[in-house]
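I opened this entry to look up the pockets of the structure and the residues that line them. My notes follow the display.

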Amino acid sequence: MEYSEKVMEHFARPHNVGKIEDADGVGEVGNAKCGDIMKMYIKVDDGIITDVKFNTYGCASAIATSSMATDMIKGKPVSEALKLTNKAVVEALDGLPAVKIHCSVLAEEAIKAAVKDYYDKNGIEYDKELFKEDSCHYEHHHDA
Amino acid sequence: MKVYADNAATTKLSEKALAAMMPYLTETFGNASSLYDIGQQAHHGVQFARQTVAEVIGADTNEVYFTSGGSEADNWAIKGVAEVMAKKGKKHLITSAFEHHAVLHTMQKLEKDGFEVTYLPVYENGIVKVEDVKNAIREDTALVTIMYANNEIGTIQPIAEIGKVCHEKGVIFHTDAVQAVGHLPINVKEQNIDMLSMSGHKFHGPKGIGALYMRKGIRIPNLIEGGAQEAGKRAGTEAVYAMVGMATALKDANDNLESNMKKMSALRDRLIDGLLKIDSSRLNGDRNCRLPGNVNISFEGVEGESLLLYLDLQGVSASSGSACTSGSLDPSHVLLAIGLPHEVAHGSLRLSLCEANTEEEIDYIIECVPPIIERLRSMSPLWERIQKERGNA
């Protein structure tokens, strides 16, 4: 198992670490038993994600994917952030070892959870299909 | 500063071992089975190696069989005894819950083949109870195999007492002593050990070589057919350089055993004391009954792989029992076996020392770890939750 330089860069000096006290949306996914939890905070202004921060408990790839994923949605419209796939995050990191792919799935789910929270809090109508019940975290491990 | 603190994974080849190996990789290249001079010289190398290994563990020379390493020795011993005993209707095996995978996976394979396996508990201190072994032995028990010292948490098992119980009941006793040989005093006769596995690279010998000690009178099927090597039990031209390297390293380790143990224990205790000053940390495994070089500590709210990679960025090589380092869903089976919750097991750090480590290196580790823990906790939603539950936030 080997990490790309990009992963190590984002792990050694992760971007957007922290919390947003008056966040418009907060999403938390993962669980302690599995060894990774991601919590994302977003600030939304006029449909644009003006700020995003994360707190992550997890391995190097969990921290690196959190860093990269938050970079990728910062300054983007909420609708676009929802389209961010784990595949895009993995590609931006120049790949992840196969056993670590679930970490990128977690990042995608954390963003979706934060956006859903923002929609719910603001009474914004949305397509429920976009937020289907989280696929089981354990399954990602087995898929990986 | 560069600090290698993963000696339970592997050790650096000693200069003495390398020097002893070199002739067999160069001019003394003969096949140890050949009758002319250069072959006989190689044969002498094999004899020296076998005799040296036997002497160090208190065995007879013809009771030592070289293998490719510890895993092969474990596999051969367990499967071999199982096969022989099954013919006598004995299909029950006893082991512990926290063995190395070379033993555990072999047991799982045998379960599929129709054997019944008892996995003894190791309790919070990581030590098997002799009484449990005694109670687990049945009429149809073929073998008891309990590791000498655990590879992750370093706890040393009551080997002589377990061996005694086995002999009273007429059951063969094997021990995976990969972590113990060269680090603890061992005498197979005095400690009632029938079979013992070891690995050269755990005590500054080369990789790719190990040995199985098998008491005279125990017969198991040959591992490899095709020649007279290893008394016909494991055919194949001898890797004389590896055997000589392992034996030289083992002799050196044994000659300096007491002073090495004293030095390493002092370094270990300094490191344990230094790291336990960190809030919400715990030592895994019995504090006193452990290998002189083993430190295993869990830090709550922190994930082990991140911890060890941040340590690597500072030049410290260590290991962890988190799921992310094992490449599987669960954290270390050893840490779960001593009753750690998953989330605490994920935050474990193993530092394993050797006699070449220095106080300066220990102090450097003690200096490096706390800021990393603080950094990881400051971004950990799990730590935030733990703090809230404790009313600290």
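**Largest pocket**

I began with the largest pocket, for which I noted a volume of about 700 Å³; the model I am reading is a predicted one. I then looked up its lining, which consists of 34 residues, and found that B:His100, B:His101, B:Asn151, B:Glu152 and B:Arg350 lie nearest the centre of the pocket.

Next I asked which elements of chain B each supply at least two residues of this lining. They are the helices α3 (70-86), α4 (101-112), α10 (323-326) and α11 (333-337), together with the strand β12 (348-352). The largest share comes from α3(B), which contributes three residues. Sorting the lining of the largest pocket by residue class, I wrote down 20 polar, eight nonpolar and six charged residues.

**Second largest pocket**

I turned to the second largest pocket, which holds about 410 Å³ of space. Its lining is made up of 24 residues, and those closest to its centre are B:Lys12, B:His204, B:Cys354, B:Glu355 and B:Ala356.

Here I recorded that α7 (240-255) and α8 (257-275) of chain B each supply at least two residues of the lining, and that the largest share, four residues, comes from α8(B). How do the residues of this lining divide into nonpolar, polar and charged? I noted eleven nonpolar, eight polar and five charged residues for the second largest pocket.

Key
Residues numbered from 1 in each chain as written. Chains lettered and ligands numbered in written order. Predicted model: local features only at pLDDT ≥ 70, side-chain atom pairs only at ≥ 80, totals over all residues. Heavy atoms only, no water. 1 Å grid on protein atoms, 1.4 Å probe; cavity = no way out; pocket = protein on both sides within 12 Å on 5 of 7 lines; lining within 4 Å. Points joined across faces, edges and corners; volume = space filled by probe spheres on them. Nonpolar A, V, L, I, M, F, W, Y, C, P; charged D, E, K, R; others polar.
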